[in-house]
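Here is a short report on one protein chain. Look over the sequence and the structure first.

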Amino acid sequence: QVQLVESGGGLVQPGGSLRLSCAASGRIWSINAMGWYRQATGKERELVAIITSGDSSTYAESVKGRFTISRDTAKNTVHLQMASLKPEDTAVYYCNVRYRVSILSVVYDYWGQGTQVTVSS
């Protein structure tokens, strides 16, 4: 079993910053990638940013230049530093981890429960 503990959401004014963190624990042999997705009310879940075990990162066009994803391999933790936040960044942010339980296993996909980010004056 895998656990994801998300933290850092909240209410912030437009132009402000927030830092989200997500720590993975449990039966994990290796992590292929960790990332953040978001889902605004009435919209589909979308990728925000993802970082692979090789430190390759991908960002949604809407957050490029404002958000930075990073990881702490030793702690199985991923961070999302969000700056210059806009009202349209308001959503529930979900952490995702893609991992293996052994050298021969398939890659599993696991989601956190989500953390609310609200950008409003």
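## Basis

This is a predicted model: local features need pLDDT of at least 70, side-chain atom pairs count only at pLDDT 80 or more, and totals for chains, interfaces and linings use all residues. Residues are numbered from 1 along each chain as its sequence is written, and side-chain values use heavy atoms, with hydrogens and water left out.

## Overall fold

The protein chain has 11 strands and zero helices. Both are DSSP runs numbered from the N terminus: strands are E, at least two residues, and helices are H or I, at least four. The radius of gyration is 14 Å, close to the 14 Å that the globule rule gives for 121 residues, so the chain is as compact as a globular protein of that length. That radius is taken over C-alpha atoms, and the rule is 2.2 Å times the number of residues to the power 0.38.

The C-alpha trace spans about 50 × 25 × 25 Å along its principal axes. Of the 121 residues, 40% count as buried, meaning under 20% relative accessible area with a 1.4 Å probe, protein chains only.

Strand β11 covers residues 115–119. Thr 115, Val 117 and Val 119 form its covered face. Gln 116 and Thr 118 form the uncovered one.

Strand β2 (residues 10–12) runs parallel to β11, joined by three bridges; pairing takes at least two DSSP bridges. Val 12 stands opposite Val 119. Strand β9 (residues 91–100) pairs with β11 in the antiparallel sense, also over three bridges. Here Val 92 has Gln 116 as its bridge partner.

How values were computed
Buried < 20%, exposed > 50% of the residue type's maximum accessible area, 1.4 Å probe, protein only.
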